[in-house]
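Here is a short briefing to read with the model open beside you. It covers the ligand site and then the salt bridges.

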Amino acid sequence: MSSIQLVDVAKRWDSTTALEGIDLEIASGSFCVLLGPSGCGKSTTLRIIAGLETASSGRVLIDGRDVTDLPPAERGIAMVFQNYALFPHLTVADNITFGLSVRRMAAAEASKRLAETAELLGLTALLARKPSQLSGGQQQRVALARALVAQAKVCLMDEPLSNLDAQLRQEMRAELRQLQQRLGLTVVYVTHDQAEAMSMADQVVLLNRGRVEQAATPRSLYAAPATTFAASFIGTPAMNLLRVADGRIAGSDVAAGRTADWLGLRPESVTLGGRVPARVRSVEYLGADLILHCGVGSESLTVRTGGQAELATGSEVLLDWPDTALHYFDAEGRRIH
Ligand code: ADP
């Protein structure tokens, strides 16, 4: 098993700075997700770990060994990309063992590994097929098999599920996670999908404009976002961020409870009935859930409640929430503890 460390890694291209100086510790055998909006530096970080891109400054360590100046092939890593990059004219078996034959592994060893890996991923019956004869999920498994057959201890994945439809993506998430745990792999996984990050990761590294905004377990990222950016990136619908003026929610009589510039409140923490008057501006019915977009003072407050509630746009409601559900942030968007 292998741990990964990034020490003050920066990446610049002429006028663009992709990474500002990233420090990161990824524990051996853990599933680490690099999460953030498009352009925040996720793929660049992954490619620097892989050795496909050279850092402008800083060091990369795998298992305590400085690999900053090593080529990809000497880093003991495997990669799975979004587009799978399968060879259309080769069979599944040949696609899986392609890298082994390039490295001139003995045929007996290669076919033993092929058999094991195919078994592990449920591909045994498909080995003679061509990629075009496979479903999206099966192609994804072949790409994964190709990474695993090399028996690398670190597996890097760049949006590997983004070509799959929603239901298959959910199944593959669970499958990937189980496989990673069973094999004790160290996985670094890039996605812009917060639900994917939350459901798979041991550690989520949230990036924003080339910096680490917060690195934490999914639970602590949700429970205690370090910044307003983290607060609004994790959770659907996003956390409400209400401006505070004179100790109250702006434009209202509702006390904020303590000194802060922003008050954070998750839509699922708000209940119907109580002390805070609000006006329903719009309603989204989602079956299990009803999402209300309300006005409180001069601020907007999204509320998530059960789908059985029937409320019309324009109605006046009373809302409530427990004090423990409130998050406070300063003018720069940093959490106030
Ligand atoms: P993400 O994966 O989070 O979408 P990237 O790591 O691909 O983001 O890109 C981070 C930033 O670096 C972006 O502003 C992108 O335009 C820039 N960038 C990426 N690759 C190059 C390159 N080869 N040359 C110049 N700029 C690049």
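The points below start at the ligand and move on to charged pairs.

This is a predicted model, in which local features need pLDDT of at least 70 and side-chain atom pairs count only at pLDDT 80 or more, while totals for chains, interfaces and linings use all residues. Residues are numbered from 1 along each chain as its sequence is written, and side-chain values use heavy atoms, with hydrogens and water left out.

**Around the ligand**
- Ligand oxygen atoms lie 2.7 Å from a polar backbone atom of glycine 39, 3.2 Å from one of cysteine 40 and 3.0 Å from one of glycine 41.
- The ligand on its own exposes 560 Å², of which the protein buries 60% (Shrake-Rupley method, 1.4 Å probe).

**Salt bridges**
- The whole structure holds 16 salt bridges (a side-chain nitrogen of Lys or Arg within 4 Å of a carboxyl oxygen of Asp or Glu).
- Arginine 59 pairs with aspartate 66, their closest N and O atoms being 2.9 Å apart, and a network of salt bridges links Arg59, Asp66 and Asp69.
- Arginine 334 meets aspartate 330 at 3.2 Å, N to O, and also forms a salt bridge with glutamate 332.

**Exposure of the partners**
- Aspartate 330 is buried at 17% relative accessible area, whereas glutamate 332 is exposed at 59% (buried is under 20%, exposed over 50%, partly exposed in between; 1.4 Å probe, protein chains only).
- Arginine 334 is partly exposed at 46%.

Terms used
A polar contact is a pair of N or O atoms within 3.5 Å; within protein, one must be able to donate a hydrogen and the other to accept it, and residues adjacent in sequence count only if both atoms are side-chain atoms.
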